[in-house]
Amino acid sequence: MRFPIEQKGLVDVSLVVCPVRHRDTGETGADDAARSPADEPRPRLCCPDNTRPANMSEVNKTIQRWHASFRKGTDFDSWGQLVEAIDEYQILARQLQKEVQSTNASDFTEEQKKTLGKIATCLEMRSASLQCTQSKEDFKLEELKKLETIIQTILTYNKVFPFDVQPVPSRKILAPGEEENLELEEEEEDGEEEEEDAAAAGAGSTEAFPPRAPGTLLPRLPSEPGMTLLTLKIEKIGLKDAGQCIDPYMTISVKDLNGVDVNPVQDTPVACRKEDTYVHFSVDIEIQRHVEKLPKGAAIFFEFKHYKPKKRFTSTKCFAFMEMDEIKPGPIVIELYKKPTDFKRKKLQLLTKKQLYLHLHQTLHKDS
């Protein structure tokens with residue numbers, strides 16, 4: 001059965017700041033469509049006419065969306081709604097990183113992209129500060145607010161960035177379509193890579209990873225009377241080439257039937273060790289919504305990602321998901337599927353016929 005995507009909930013976030021996240025459809029409202037070019041007000045950024053790109057209206061809308069998201073995050077932050085603030089900061093950081101990494105024709109210069117990358121770094125630093133209150137490198141809200149003007153004037157900003165930070169060194173994360181195009185090429189190289197990796201590390205051996213920076217895991221939500229919280233421990237994942245995965249980690253998301261995020265996306269730290277045909281994580285994931293409040297038909301997705309040094313990008317190797325009727329206390333073993341990740345669960349193809357799965361353990365917390 002197909003489920004149509006509802007349109008009634010979409011709101012242009014460039015015009016209103018509200019606590020509900022909406023997807024960008026790229027559509028303009030009826031008023032915009034009816035407005036003639038002569039009636040259109042000059043952009044707030046006050047670029048000279050001869051320096052404005054032809055699609056300045058779209059650029060302005062993008063910048064306004066970024067600004068609205070930034071204001072929403074700092075508002076949540078100042079109100080003490082830390083989970084919501086972290087969510088908004090991470091969403092905006094991902095959007096800015098996507099623009100920085102874009103290889104398509106861009107309306108931003110390389111210098112402007114560098115500034116956007118630095119803003120993304122500051123957003124992640126503030127997010128990390130909120131997640132770890134005892135962090136030695138605390139990035140304060142007052143400091144973050146200094147970036148608001150820079151976001152608004154990014155097209156004309158030419159001053160020294162106020163903080164000594166660098167853009168996050170990004171490994172390219174391919175879109176599902178791009179991954180699909182590379183699958184055949186990757187399969188051809190797999191044989192060579194397996195031989196090289198086996199010679200270097202020894203297939204089936206136990207290997208501990210060096211210490212890495214933590215991922216983007218969030219703390220457990222405050223308990224509410226009569227409501228249930230879910231903690232998922234990712235114990236291990238079974239893969240035939242587990243010993244050859246470089247910097248493996250998991251991305252955890254909760255999606256509705258249309259594949260839309262209903263919770264903040266979280267990344268685990270890099271796995272703690274590899275042993276035989278398993279990559280071990282032993283890490284707890286706190287689902288950022290009470291079980292009773294999860295939408296009907298939602299699912300929790302687990303994407304296994306690893307770094308490919310030859311191509312210099314992070315690739316999704318496989319994915320798994322758990323549906324709402326599978327939320328029960330205790331261990332659970334779930335099947336692995338081939339990429340690209342199908343968040344709508346329409347075209348699923350098992351990764352392997354071998355007895356290799358994702359091993360989880362569920363804990364339910366209910367405040368009676």
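The model is predicted. The protein chain holds seven helices and twelve strands. Of its 368 residues, 41% are buried.

**Helix pair α3 and α4**

- Two packed helices are described by the angle between their axes and the distance between the axes.
- Helix α3 spans residues 82–101 and helix α4 spans residues 110–131.
- The two pack at an angle of about 155°, and their axes are 9 Å apart.
- Angles over 145 degrees count as roughly antiparallel, and α3 and α4 are therefore roughly antiparallel to each other.
- Their crossing is left-handed.
- By class, the contact of α3 with α4 has 13 nonpolar, five polar and four charged residues.
- On the α3 side, the contact residues are Leu-82, Ala-85, Ile-86, Tyr-89, Gln-90, Leu-92, Ala-93, Leu-96, Gln-97, Glu-99 and Val-100.
- On the α4 side, they are Lys-113, Leu-116, Gly-117, Ile-119, Ala-120, Leu-123, Glu-124, Arg-126, Ser-127, Leu-130 and Gln-131.

**Thr-228 in strand β3**

- Thr-228 is placed in strand β3, which covers residues 228–238.
- Its relative accessible area is 8%. Buried means under 20%, so Thr-228 counts as buried.
- The Thr-228 side chain makes a polar contact with the side chain of Glu-292, at 2.7 Å.
- Leaving aside residues up to four places away in sequence, Thr-228 touches His-290, Val-291 and Glu-292, and also Leu-364, His-365 and Lys-366.

**The loop between β11 and β12**

- Strand β11 covers 337–338 and strand β12 covers 358–366.
- Pro-340 is found in the loop between these strands.
- A cis peptide bond joins Lys-339 and Pro-340, with omega about 0°.
- Arg-345 lies in the loop between β11 and β12.
- Arg-345 is not a glycine, yet its phi is positive, at about 60°.
- Arg-345 counts as buried, at 15% relative accessibility.

**Asp-276 between β6 and β7**

- Asp-276 lies in the loop between β6 (273–275) and β7 (278–286).
- Its phi is near 55°, a positive value in a residue other than glycine.
- Is Asp-276 buried or partly exposed? At 45% relative accessibility, Asp-276 counts as partly exposed.

**Pro-162 between α6 and β1**

- Pro-162 sits in the loop between α6 (148–152) and β1 (172–173).
- The relative accessible area of Pro-162 is 41%.
- Which residues does Pro-162 touch, not counting residues up to four places away in sequence? They are Leu-147, Ile-150 and Tyr-157.
- Pro-162 and Leu-147 are 15 residues apart along the chain, and their C-alpha atoms are separated by 8.3 Å.

How values were computed: Residues numbered from 1 in each chain as written. Predicted model: local features only at pLDDT ≥ 70, side-chain atom pairs only at ≥ 80, totals over all residues. Heavy atoms only, no water. Axes fitted to C-alpha atoms, helices over the stretch in contact; angles between N-to-C directions. Helix = DSSP H or I, 4+ residues; strand = E, 2+ residues; numbered from the N terminus. Parallel < 35°, antiparallel > 145°, perpendicular 65-115°, else oblique. Left-handed = near helix turned anticlockwise from the far one by under 90°. Contact = heavy atoms within 4.5 Å. Nonpolar A, V, L, I, M, F, W, Y, C, P; charged D, E, K, R; others polar. Buried < 20%, exposed > 50% of the residue type's maximum accessible area, 1.4 Å probe, protein only. Polar contact = N/O pair within 3.5 Å; in protein donor to acceptor, adjacent residues only side chain to side chain.
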